[in-house]
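Work through the two exercises below with the structure open. Try each task before reading its solution.

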Amino acid sequence: MNQASLYQNANQVQRHDAKLILDEFASTLQWRSDGEDALLDVGSGSGNVLMDFVKPLLPIGGQLVGTDISSQMVGFASKHYQGEERTRFQVLDIGCDKLPQELRGSFDHVTSFYCLHWVQNLKGAMTNIYNLLRPEGGDCLLAFLASNPVYEVYKILKLNDKWSEYMQDVEQFISPLHYSQNPGEEFSQLLSDVGFIQHNVEIRNEVFVYEGVRTLKDNVKAICPFLERMPSSLHEDFLNDFIDIVISMNLQQGEDNQDQKFISPYKLVVAYARKTSNIVNKFLDEKPNQLIFKGIN
Ligand SMILES: C[S@@+](CC[C@H](N)C(=O)[O-])C[C@H]1O[C@@H](n2cnc3c(N)ncnc32)[C@H](O)[C@@H]1O
Ligand SMILES: CC(C)=CCC/C(C)=C/CC/C(C)=C/C(=O)O
């Protein structure tokens, strides 16, 4: 997904979820007493979630770094938000083997919305997030898909001769937690493994209703990685086949075009974790990783 303007105009679900989660966790994040918080966002995309919902939470003296694997996304966000003070955007693959030296241990907070389900090397990504935080401590707030019906639609489309040549690597675009029996437990374990002693992970069962075929198609176009591999003359045919599969999965409500709705039940991982300084770690009990943070400051 590289088309920033398409994404910026068809990301209602992503915006809705990020706003709710940030409202809920704004007071849980451990803000510095000097107001000089540095926050890095992972997978900022076109940048509007970061600028509309994260930036307003940051103290006046805070620094914001939006990052993304896609240079097109970073280019779009840099241009669109170039007048914003104390804000910059840069390319970063959160699954990379070696973090850029200037980012390591430099942040009080890391946030990430709707990105980590794109990263197959989830353990590498979480190790990097841990290492982006300051050695003396910091926290992260993450939201990403454990599962979504879109993944089952992709797998069915791949079986069609018309589309299979574009979708050979479909599994690379399916959330690493999609097949997990217990995604909450699995992600909690991963957080512990990379060093987060204190964390809270929830799996939220959500439903989003897309009003009309055009809305659903626009949302698919904004995120579907396979469309950019095929000639644009095939896009509408692909999207029509996508809709037919959604209907065959009984995810449609209402018959005629006027009041046709599409139901998308999905599981969202919402995780908050704190990195404690090495000194504090020494004094914590051996297994304190089940601490609940909601409402604690
Ligand atoms: C669905 S968008 C989310 C954008 C934004 N966070 C939001 O909530 O609207 C996912 C973004 O993650 C980026 N992404 C995918 N894999 C990534 C990786 N390995 N490292 C950093 N960003 C990645 C994509 O390029 C895309 O811009
Ligand atoms: C009914 C149905 C199959 C809806 C799927 C809707 C959709 C466009 C889901 C996208 C999920 C996703 C990978 C989002 C993202 O990364 O932003």
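This is a predicted model: local features need pLDDT of at least 70, side-chain atom pairs count only at pLDDT 80 or more; totals for chains, interfaces and linings use all residues.

**Exercise 1. The site of ligand 2**

Task: Work out which residues are closest to ligand 2, which polar side-chain atoms lie by its oxygen atoms, and how much of its area the protein buries.

Solution: 
1. List the shell. Ligand 2 is surrounded by 16 residues, and Q14, H117, W118, Y210 and I263 are the closest.
2. Sort the shell by class. There are 11 nonpolar residues and 5 polar ones, with no charged residue.
3. Trace the shell to its elements. At least two residues come from each of α6 (149-158), α9 (213-223) and β8 (261-276). The largest share, 4 residues, belongs to α9.
4. Check the polar pairs. Q14 places a polar side-chain atom 2.7 Å from an oxygen atom of ligand 2. For H117, a side-chain N or O atom is 2.7 Å from a ligand oxygen. For W118, the distance from a polar side-chain atom to an oxygen atom of the ligand is 2.9 Å.
5. Take the area. Ligand 2 alone exposes 490 Å², and the protein buries 97% of that.

**Exercise 2. The buried residues of α4**

Task: Find the buried residues of helix α4, explain why they line one face, and name elements that cover them.

Solution: 
1. Apply the cut-off: buried means under 20% relative accessible area. In α4 (residues 71-80), M73, V74 and A77 are buried.
2. Look down the axis of α4. The buried residues fall within an arc of 95°, so they line one face of the helix.
3. Recall the helix geometry. An α-helix has 3.6 residues a turn, so residues three or four places apart point the same way.
4. Find the cover. The elements over these buried residues include α1 (4-9), β2 (63-68) and β3 (87-91).

Notes:
Residues are numbered from 1 along each chain as its sequence is written. Chains are lettered from A and ligands numbered from 1 in the order in which they are written. Side-chain values use heavy atoms; hydrogens and water are left out. Buried means under 20% relative accessible area, exposed over 50%, partly exposed in between (1.4 Å probe, protein chains only). The arc is that of the directions from the helix axis to the C-beta atoms. Contact means heavy atoms within 4.5 Å. A residue is near a molecule or strand if one of its heavy atoms lies within 4 Å of it. A polar contact is a pair of N or O atoms within 3.5 Å; within protein, one must be able to donate a hydrogen and the other to accept it, and residues adjacent in sequence count only if both atoms are side-chain atoms. Accessible areas come from the Shrake-Rupley method with a 1.4 Å probe; for residues, only the protein chains shown count as cover. Ala, Val, Leu, Ile, Met, Phe, Trp, Tyr, Cys and Pro count as nonpolar, Asp, Glu, Lys and Arg as charged, and the others, Gly among them, as polar.
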